[in-house]
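Please work through the two exercises below with the sequence and the model in view. Each task is followed by a stepwise solution.

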Amino acid sequence: MNPTRLAIYIILMAGTTYLIRMIPFTFFRKKVTNRFFKSFLYYVPYAVLSAMTFPAVFFSTGSVLTAGAGTAAALILAFWGQSLTVVAASAAIVTFLVSLL
């Protein structure tokens, strides 16, 4: 790769990362008091993490069927309030067992 092009990519990435972190401090000088906006900001990290992770789950195995079975098992166990370790291990086991079929 061309070193000049690599340097441009790194500078753009650093600038973008800096802007994402700087903009909230610039626009929100006072404490946010609006209940709707506070609620919106509270759920943004969860929504972004879900949007980035959930589609990748279905392509993590060679088959959408096995990935779907593991995801279904994880969602059911998480809904029942199981711990993260139990949910992750169970999803992996269900995915493995479905792949054997």
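On a 1 Å grid over the protein atoms alone, a pocket is an open set of points where a 1.4 Å probe fits, with protein on both sides within 12 Å along at least five of seven lines, and its lining residues have an atom within 4 Å of a point. The model is predicted, and totals for linings use all residues, whatever their pLDDT, whereas local features need pLDDT of at least 70 and side-chain atom pairs 80 or more. Residues are numbered from 1 along each chain, and side-chain values use heavy atoms, without hydrogens and water.

**Exercise 1.** Describe the lining of the largest pocket.

Step 1. The lining comprises 20 residues, and Thr53, Phe54, Val57, Ala74 and Leu75 lie nearest the centre.

Step 2. Helices H2 (35–57), H3 (64–79) and H4 (84–100) each contribute at least two lining residues.

Step 3. By class, 13 lining residues are nonpolar, seven are polar and none is charged.

**Exercise 2.** Determine how H3 and H4 pack.

Step 1. Their axes lie 8 Å apart at an angle of about 150 degrees.

Step 2. H3 is therefore roughly antiparallel to H4 (angles over 145 degrees count as such).

Step 3. The contact (heavy atoms within 4.5 Å) includes Ala73 and Ala74 of H3 and Val94 and Val98 of H4.

Notes: Helix = DSSP H or I, 4+ residues; strand = E, 2+ residues; numbered from the N terminus. Nonpolar A, V, L, I, M, F, W, Y, C, P; charged D, E, K, R; others polar. Axes fitted to C-alpha atoms, helices over the stretch in contact; angles between N-to-C directions. Parallel < 35°, antiparallel > 145°, perpendicular 65-115°, else oblique.
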